[in-house]
Amino acid sequence: MKKVVQHGCLRSYAAAIALLVGLAPPALAQQSDAILLDEVVVTASRRQEKLQEVPLAVTAVSAEQLAATGIKGLTDIQYTTPGVQFGSTPNDAGFRLRGVGNAGGFASSSESPVGVVVDGVVVGFGSPVESLGDIERLEVLKGPQGTQFGKNASSGVISITTRRPDMNAVSGDLFASYASLNETDIHGNLNVPLAENAAMAIYAFDRRYDGFVKNVVRNEEWGGTTRQGVRGKLLLEASDNFTAYLIADYSRRKQKGPGQLWTLNKVPTGDPRFNPPGVNLASLGVTPSYDNESSVENGAGNERERNYGSSLELNWLLGDYELTALSAWRGQDMRPSSYAIDAGPLPTFEARRKNTARSMLSQEIRLTSPKNETLEYVTGIYLSRQKVDQTGESALLRPALPFAPVALSITAGLNSGETTTDSAALFGDGKLHLGDQFSLLGGLRISKDWVEASNWSVRDPELPANVTPYTPRPRSTGKVNDSSLSGRIGAEYKPVDDVLLYGTYAHGYLGPTVTFSALSGTRTLVNPQTVDDFTIGAKTTLLDGRLTLNGNLFHDKYKNLQTAVLRGSEFLTENAGGLRSKGFEIESNLQVTHELRLNASLSYSDAAFTDYLTACPNNIQQQGAAAIAAQCNAPGSTSANPLYQAKGDPLANAPKVSYTLGASYERDIFNGLLFDMNVNYAWRDKTYNAVGNPDTRHPAYGVMNVSLGLGAEDGAWRVGLFARNLFDENFKAAILATPFANVGNYVNWNVREGRRTLGVSLETRF
């Protein structure tokens, strides 16, 4: 019944938008006063430009638009921007654009092909943005961006710009909300001018909610999370020609329960870990299914993380040129934690992690030429060093339970590792105007990457006495380095003022790496990943500035795709043979009246492997020897290690179609009292969470977010009601094969966003 209601509402909603769009042109033609869309300014090309004048496939979302959707964290932008996904599972970690992202598994040194940039700083790990309350703008740049940012970003960039301090007046804001699962969100900004040429700003937040997965074995609610943090900024305009901007931030996150909030999806007979005589799930009140929200994991779990960093941006005006030096340092601590990933009530698998520390130093120096010259360009040098120290991870496996108490240390005691990644690049990107209407585009990046890694283990004094004797692993080392040349060429053409046509070819590069698995210490030397991207697009402004309609066609071909594969009971990072992603993206905004604005976006991305040898999928293994011999017989296969050729199969976790629909309405209803309403609906197609395995199919789903508010016209105060996932659409991060279980067992990876949230908010500004 829930599905019927949801789809009925969606059809009505879509019909209303279609009707409004259809009626808009004649209605707008009769308006005498100017009704214009707000002008969007972006820094996608490392200089401030109007969005409609940037020849890139870029989507911009303002702070107001983000607030209107009711989303709370950076990862939730996947529900506002088509073609963007965020994965939280080991084989789908980080952001994806056009279906492609990093599947780095447990690799400690892998970069993400989708870069995250905050206030101009490339962020190599973690997130300095755990709350969106001081964000000014978010930009999603699709396709290779190495010539713009100097760092490997072969599939795109998520760029976040926070609010700069204001020297004109003391100002601030405070926001508080309460919602389902005892969710509270309190955040505030304070801006203080220090002098005519200096100002500081501070932002602080506290977000938390209760658990949403019931662990019936431990009688605990898992998934409850607390996030707290602060960001301080100091802006100094020392002279007309020199500006200094200092930012420092600190945040921490705590979660009750393990990072993987698993519930049983499918349990065939034959595995005593989940069936009598070992376990009786019925007696625990659990029925494995997609809708199962009760965990039977016996092991305790917790997650604790700290992120912190600082950056200093110095800007000099050298005549009409601008010289920028951007220095940054970031750190992350993953505090001691424990977890179990066998998904069952028996103590099959138990693990402890002592500590993981990451640090990154970066230095960027760039020169920006004057705008509106025959040749416009940005050029510079980028240097970085990233270090990862993993101090002690110990995992214990009892493979024969419930029949024999055999205990194995599958990490050979306390497993530790170190990785250092150095990168250097010269980059440049520019535009050559050959007239008022036609320009050539080009960029080049020369880079060098060095990776050194080591891994070893020592005896673990905390393991029980009955552990089968093991031998600690001696130190193993690995070293790789590689040079690359990447860039882009293209052209733009403006036949009329409000139409921009562009086409580009770009070659992107993702550096090599050395990885050691967390369990066995297996070393893998991973080759660089490359992509050839072809994009043609158009940006149009219609109806005298009331409507923007932008779109692009793309074709991306990847080689040596860096991805994670399940080998036995652990994920290893390897190179897939190849991948291609092709499709189109369309987005539009329409200011119907002064009060009503509509937006719609669509992404179609057909991402499939062109060559990929991987382990025989679980669903084929479950069918027996004949099926394995018939379908997992790729070259190199053996009876002990049958291989599956995934050529033609869709990329895991990549929806083919996704779209968003939005409407915002604002009206002065009485004596300066302002009413506002915002509706956002995001839909994405079905996906497969494991290559070649239909048992991991995740159904298509849609999420509706709604907010209503009443406040002062000058923004001094506002009270609101909001709903996220209004129709309580049940969706998961993934459906995965159960580790340390017989073939045919699967688990759901649950997420907070897959639950309806209803809440109330209060905010004030001064």
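Buried means under 20% relative accessible area, exposed over 50%, and partly exposed in between, with a 1.4 Å probe and protein chains only. Keep that in mind as you tour this predicted model, where local features need pLDDT of at least 70, side-chain atom pairs count only at pLDDT 80 or more, and totals for chains, interfaces and linings use all residues. Residues are numbered from 1 along each chain as its sequence is written, and side-chain values use heavy atoms, with hydrogens and water left out.

**First stop: the disulfide.** Select Cys-616 and Cys-632, which are both buried. They form the one disulfide in the structure (cysteine sulfur atoms within 2.5 Å), with an S to S distance of 2.1 Å. The torsion about the S-S bond is about 70 degrees, so this disulfide is right-handed. Cys-616 sits in the loop between strand 36 (613–615) and helix 4 (618–621), and Cys-632 in the loop between helix 5 (625–631) and strand 37 (643–645), so the pair ties together parts 16 residues apart in sequence. Helices (H or I, at least four residues) and strands (E, at least two) are DSSP runs, numbered from the N terminus.

**Second stop: Arg-304.** Now select Arg-304, which you will find in strand 20 (residues 302–318).

**Last stop: Asn-372.** Move on to Asn-372, in the loop between strand 23 (349–368) and strand 24 (375–397). Asn-372 is exposed, at 66% relative accessibility.
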